[in-house]
Amino acid sequence: MEHVPVEVIGNILSRLGGARDVVIASATCRKWREAWRKHLHTLSFNSNDWHVYQDLTTSRLEILITQTIFQTTGLQGLSILMDDVDEFSASTVIAWLMYTRETLHRLIYNVRTTPNVNILEICGRQKMEMLELSHNSITGVEPNFQRFPCLKSLSLSYVSISALDLNLLLTACPKIETLELINPEIAMSDAQVTVELTSPTLKRVYVEAISLDKFILEADSIECLHLKDCALELFELIGKGTLKHFKIDDVSVIHLDIGDTVDNLEIIDVSNFTIMWPKFYQMISKSSKLTKLRLWDVVFDDEDEIVDLETIAVCFPHLSHLALSYDLRDGVVNYGLQGSSHLENVFVLELGWTIINDLFSHWVEGLLKLCPNLRKLVIHGVVSEAKSHEECQMLANFTSSIVQLMRKYMHVDVQFDYE
């Protein structure tokens, strides 16, 4: 070990992650202590990593973190996650950030302080490439002064910010590619809650647990959009046809408009969502490059609506991965098997149920016939803890029928995934 360069030891210590482990390892010898002081580039303080963090008084914890940070030089990544810790002194936290800001590329910050610390003012105009803020407040954004010329990834969780400041913050990040908004508290000046965001460089957007009247996103370069657990009256995406991955999970939206951005879509993943199939199909029908379609636990606005797999086969000729959950309404499956067209390029088929019955195995058989080149079949199911004898018999019959069915399809890999 004495021949290992001190820079390499610095890389080893940086991969340990937790500050406690780094400090212990640096006590190995004088050379390792030198690596810690001069060549450590990543340091993490997480209240969940070590129970002692939660047993210490706030002032003692502040001293411990201060001593650790101030013995390093050139930190590029700093993570301070103090979920279950009382509020820190703002002056102490400011000292940490002022000491490291000129070299920091990545900052993960979840610290409650009194008063609130203005991260943008302290860390703006520096080399920051990734910024994750939690349980913080952002006010009075000045794009010309609080500018992040190198920032590519921004995550805001449980952050209080106005709609105007949020858009100004994106303006202050001319190279931003990834945006995450998780349960933000959007401060509004009028009764209607409207958020309008514009960025020519955004490629990936993730939005979770947000409730708004209107959400308008203008992103010319967007490739991936994921909405989860949101309540929206209107969501509109304005782009230039770059969207490749669209995922929507447990979202309530009255008017969904992704406009002319669907031409290059490759993946559509919809789950726990109520849709009007004709309108939704019209919206995605131009996605001729689609390779994966997932419709899982979707509720149809019209109970008589049937998703015509013939239409899917014709409109999405490159489809290779199809995932459908089974829903039985009055003896009719919402996914019809009529038509003569086959899903020639579907190699992976995922099928699932919430309430199993005898029709499920017949539905599986019908879909297998539509996929002549299938290589893998995954069957998902929900099994309750307490089952009657009749339910157990139903599951046994289904298992027997699938075993018998798959003897005809020996080339297909079959997997079962029950929850």
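Close-up 1. W50 is partly exposed at 24% relative accessibility (buried is under 20% relative accessible area, exposed over 50%, partly exposed in between; 1.4 Å probe, protein chains only). This is a predicted model: local features need pLDDT of at least 70, side-chain atom pairs count only at pLDDT 80 or more, and totals for chains, interfaces and linings use all residues. Residues are numbered from 1 along each chain as its sequence is written, and side-chain values use heavy atoms, with hydrogens and water left out. The whole structure holds 10 aromatic pairs. W50 and Y53 form an edge-to-face pair, 5.4 Å centre to centre with 80° between the planes. Rings of Phe, Tyr and Trp (its six-membered ring) pair if their centres lie within 6.5 Å; planes under 30 degrees apart are stacked, over 60 edge-to-face, the rest tilted. Y53 is buried, at 4%.

Close-up 2. One cluster is formed by W353, F360, W363, F398, F416 and Y418. F416 is partly exposed, with a relative accessible area of 41%. Y418 is also partly exposed, at 35%.

**Close-up 3. Arginines over phenylalanine rings.** The charged end of R125 sits over F145, 4.4 Å from the ring centre. R375 lies over the face of F347, at 4.1 Å from the ring centre. The criterion is NZ of Lys or CZ of Arg within 6 Å of the ring centre and within 35 degrees of the ring normal.

**Close-up 4. The sheet β11-β13-β15-β17.** Four strands form an open sheet in this order, with parallel pairing. Strands pair if DSSP finds at least two bridges between them; strands are DSSP runs (E, at least two residues), numbered from the N terminus. The edge strands, β11 (194-199) and β17 (252-257), each pair on one side only. Twist averages 15° from one strand to the next, with axes fitted to C-alpha atoms and angles from 0 to 180 degrees between N-to-C directions. Seven bridges join β13 (residues 211-219) to β15 (residues 231-238). I216 stands opposite E236 in β15.

**Close-up 5. Cysteines C150 and C173.** The structure holds zero disulfides (cysteine sulfur atoms within 2.5 Å). The cysteine sulfur nearest to that of C150 belongs to C173, 11 Å away. C150 is partly exposed, at 28%. C173 is buried, at 2%.
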